[in-house]
Amino acid sequence: SYDRGVNVDVTQPLDTTPFERRKLHGVHKQPQEGKCRVGFLVPSGRLSQNECRIVADIADKYTDGEIRLTVEQNIVLPNVDESRIDELMAEPAFGEDSRFKINPGKIEGNVVTCTGAEFCSLAMIETKANAEDVAKELEKLVDCDREIRIHWTGCPNSCGQVQVADIGIMGAPARKMDPEKGKPVAVPGCKIFVGGRIGEDAHLAMEPYVTGIPLAKEDLLPVLVQIMKDEFGATDKAPAAEEDLVVIDE
């Protein structure tokens, strides 16, 4: 009643079921017999013209031209015949040379970004390419036993909603030592927010965890790795097995 003095005697019972975030990546059966939904990663939510055509062709072939877009900037193909799942997953669109992944990693599969400085005059940093590159690097550096949501936004308007993310990266001023000038100079940088949550116990991380971090990978990646270890239990990625190593004779 929004404190207007109106009493409602009959209301719908509150849902006491624990909140569980539905998984959108991967192959999942639908309530309809013989149908599945297939969700796949669109890295940083960016599609090229050619990739748009690829998605359209896949949809025409498997879903009667229907696609669903998620709030995490990815795509779901609904109503795929269960008998055609193997055929769909073998498509070149989901091969090694494609950016699309049906089963992405726990980090790269949960990245959300705003438009960034390339197309937004308000953004202080470029978000899309940086977000995709950093996620790939983190997948190589650490293992996580849970999904880690990393959101990027170019400015305090927070179109990328960094405050609700596990780790939020917001464009901000930073300074870095310039060896040629012998003094710190202004460089693209960020503030990092930690601990946002969604669901029944939603929480906004309003205060930065750390500020003034240069955006260069050599500066940002170590900070993110340490945060993931300290706050989310991440561990260093195990070295590649010996049989997986390629030896090149000189």
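In what order do the 5 strands of the open sheet line up? In this predicted model, the order runs β5-β7-β8-β9-β10, with mixed pairing. The two edge positions go to β5 (111-113) and β10 (210-214); each has a single partner strand, so one side of each is left without a neighbour in the sheet. On average, neighbouring strands are turned by 35° against each other, direction ignored.

β5 and β7 run parallel and are joined by 3 bridges. Across that pairing, Thr113 sits opposite Trp152 of β7. As for what covers the sheet, α4 packs on it and touches β7, β8, β9 and β10. The direction of α4 makes about 25° with that of β9.

Now for the packing. The largest nonpolar core holds 27 residues, and Leu138, Trp152, Ile167, Ile192, Leu220 and Met228 are the ones touching the most other members.

| Element | Residue range |
|---|---|
| α3 | residues 128-141 |
| β7 | residues 150-153 |
| β8 | residues 167-178 |
| β9 | residues 183-194 |
| α4 | residues 217-232 |

The largest share, 7 residues, comes from α4.

What does Met228 contact once its neighbours within four places in sequence are left aside? The list is Ile107, Leu138, Val142, Cys144, Ile148, Ile167, Gly233 and Ala234. Leu138 and Ile167 also belong to the group touching the most other core members, as does Met228 itself.

There is also a second, separate core of 16 residues, with Val38, Ile75, Val80 and Phe100 among them.

How values were computed:
Residues are numbered from 1 along each chain as its sequence is written. This is a predicted model: local features need pLDDT of at least 70, side-chain atom pairs count only at pLDDT 80 or more; totals for chains, interfaces and linings use all residues. Side-chain values use heavy atoms; hydrogens and water are left out. A nonpolar core is a set of buried Ala, Val, Leu, Ile, Met, Phe, Trp, Tyr and Cys residues joined through side-chain atoms within 4.5 Å. Buried means under 20% relative accessible area, exposed over 50%, partly exposed in between (1.4 Å probe, protein chains only). Helices (H or I, at least four residues) and strands (E, at least two) are DSSP runs, numbered from the N terminus. Contact means heavy atoms within 4.5 Å. Two strands pair if DSSP finds at least two bridges between them. Axes are lines fitted to C-alpha atoms, for helices over the stretch in contact, and angles run from 0 to 180 degrees between N-to-C directions.
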